[in-house]
Each structure stands twice: as C-alpha cells, then as structure tokens.
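This report looks at the pockets, the cavity and the charged residues of one protein model. Please view the structure first, then read on.

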Amino acid sequence: MRTDLDDILTFLGSATPPEWIEAALAHQEILLLDHKACEYKAASNAINLMAKYQTHAELVDAMSRLAREELVHHEQVMKLIKKRGIALRPLSAARYASGLRTMVRRSEPGMMTDILVISAFIEARSCERFAALYPHLDEELGKFYKGLLDSEGRHFRNYLKLANLYGDADDIAARIDAIRPVEQALIHDPDPEFRFHSGLPVLVAA
C-alpha cells in the first residue's frame, strides 16, 4: 500500500495538516458521525452517476459495485457509533464537496470528466486521511481505518480509470491541474468547524 499512498500523495500534492489530526483525536464523536455521513454521500454519488449516465455500461457496473461497498462501510461505522454509545445527530456538511463542485463544467463531455475527477480527489483525500490518522487511534478504530485504505485507494483509481475511458487525456490532465489547488485550499485554509474533510481548524463546532 506504500506505493499506492505515494501515488495518492503525488496526485493530491499536499498532506493533511497535523493540526487536523489533533482536532480529529480530540473530537472523535464528530469524526465518526461525519464519517458515517461521508459513506452515505459516497454511495449516493455513485447511484446518481448511474442514473445520469445510464448508457455508459462500464460506469454503471463500476458505480453499482462502489455504491454497495460504500453502504457496507456505512453499516460498519454505524456499528462503531452504537458500540461507543454515541448519539446520532445531524451535522452540517463540510464545505469541501460543495467547494469542489463549483469547478464542475455545465456542459458535456466536460461535466462528466469533472465529476469523475472530483470524485477521484475525494477518494484520494479520504485514503490519505485514513492513513494519516489510524496510527494515532485506539486499536479498534485504528484497525478499521487502516482496513479502509485499500478500498479508498481502489475507488480513487477507478474514478480516474472511468474519466480516461470516457474523456480526453489532455483535458483530464488540465482539469486535474485546475482542481488540485482548489482542493488543497479547502484542506489547508482555516475552517471554523471540524469535519472529516475540513480544513485547518480554528475552532471546532458541531
């Protein structure tokens, strides 16, 4: 997995700030509740892509598998939340995904390329954060997060594979270069609330 993480860090161009890790360790209830929401949103994204691009057989097959896997992860996080006696409550969404979505072009084929590339960034950042965080967690949660590295890395690669299957290589490279600094700013700029994909914490709000 080391090579995969190296590839992911190269793709992202930046690592999670240590201040975020400190905030995550101090606010593990919020971490788990938002992680649960992220898994549901990841499954929803896959299902939405299946509905939007119904004639793209390879994409439909890949997204069907991905959605099932994300829902299994959702169930696993739910079990941890229940086991730890954490009360379920809604959290406001992080600015991360909505910030990335501002980069999506409004016409095809650019729209599909951008959605797939942004989905690859989200999966890559999730993998990078699990890798950065798991050594600092208790044995149970650390083992679970370490176990997610392979699937998140695979999802990252699959989204890029689909982008290259349906899009133009030069356009994809240009969009990655355009989206990368936006993603980095969302991760490194001061953020007033802690979430799984939040930026540099200035204060933590639930």
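## The largest pocket

The lining of the largest pocket is made up of 16 nonpolar, 8 polar and 9 charged residues. Here Ala, Val, Leu, Ile, Met, Phe, Trp, Tyr, Cys and Pro count as nonpolar, Asp, Glu, Lys and Arg as charged, and the others, Gly among them, as polar. The model is predicted: local features need pLDDT of at least 70 and side-chain atom pairs count only at pLDDT 80 or more, while totals for chains, interfaces and linings use all residues. Residues are numbered from 1 along each chain as its sequence is written, and side-chain values use heavy atoms, with hydrogens and water left out.

The volume of this largest pocket is about 770 Å³. A pocket is found on a 1 Å grid over the protein atoms alone, as an open set of points with protein on both sides within 12 Å along at least five of seven lines; a cavity is a set of points where a 1.4 Å probe fits but cannot get out, and lining residues have an atom within 4 Å of a point. Grid points are joined across faces, edges and corners, and a volume is the space filled by probe spheres set on the points. Of the 33 residues that line the largest pocket, Lys41, Asn45, Ala97, Arg101 and Ile122 lie nearest its centre. At least two lining residues come from each of H3, helix H4 (57–83), helix H5 (95–101), H6 and H8. H3 provides the largest share, 11 residues. Helices are DSSP runs (H or I, at least four residues), numbered from the N terminus.

## The second largest pocket

The second largest pocket has about 220 Å³ of volume. Its lining holds 13 residues, and Glu58, Ala62, Arg65, Asn158 and Leu162 lie nearest the centre. H4 contributes the most, 7 residues, and both H4 and H8 supply at least two. By class, the lining divides into 5 nonpolar, 2 polar and 6 charged residues.

## The cavity

How many cavities of 30 Å³ or more does a search of the whole structure find? The search finds 1. The largest cavity holds about 30 Å³ of space. Helix H6 (110–133) and helix H8 (149–166) are the elements that give two or more residues to its lining.

The residues lining the largest cavity are Pro109, Met112, Thr113, Leu116, Leu162, Ala163, Tyr166 and Gly167. This lining has 6 nonpolar and 2 polar residues, and no charged ones.

## Salt bridges

Side chains of opposite charge can pair when their charged atoms come close. A salt bridge is counted when a side-chain nitrogen of Lys or Arg is within 4 Å of a carboxyl oxygen of Asp or Glu. The count by this rule is 14.

Arg125 pairs with Glu128 in a salt bridge, with the closest N and O atoms 3.0 Å apart. The two residues are 3 apart in helix H6, which means about one helical turn separates them. Arg125 also forms a salt bridge with Glu183 (2.8 Å, N to O). Glu183 lies in helix H9 (residues 169–188) and Arg125 in helix H6, so this pair ties together parts that are 58 residues apart in sequence.

Are these residues buried or exposed? Buried means under 20% relative accessible area, exposed over 50%, and partly exposed in between (1.4 Å probe, protein chains only). Arg125 is buried at 0%, Glu128 is buried at 6%, and Glu183 is buried at 0%.

Glu193 and Arg195 form another salt bridge, with closest N and O atoms 3.4 Å apart, and both residues are buried. Elsewhere, salt bridges that share partners join Lys83, Arg84, Asp138 and Glu140 into one network.

Glu39 lies in helix H3 (residues 28–52). Glu39 is buried but has no salt bridge, and the nearest side chain of opposite charge, Arg154, is 10 Å away. For charge, Lys and Arg count as positive and Asp and Glu as negative; His and the chain ends are not counted. Leaving out residues up to four places away in sequence, Glu39 touches Glu70, His73, His74, Val77, Leu148 and Glu152. Contact means heavy atoms within 4.5 Å.

His155 lies in helix H8 and is buried, with a relative accessible area of 1%. With residues up to four places away in sequence again left out, His155 touches Leu66, Glu69, Glu70 and Glu123. His155 and Ser119 are 36 residues apart in sequence, and their C-alpha atoms are 8.7 Å apart in space.
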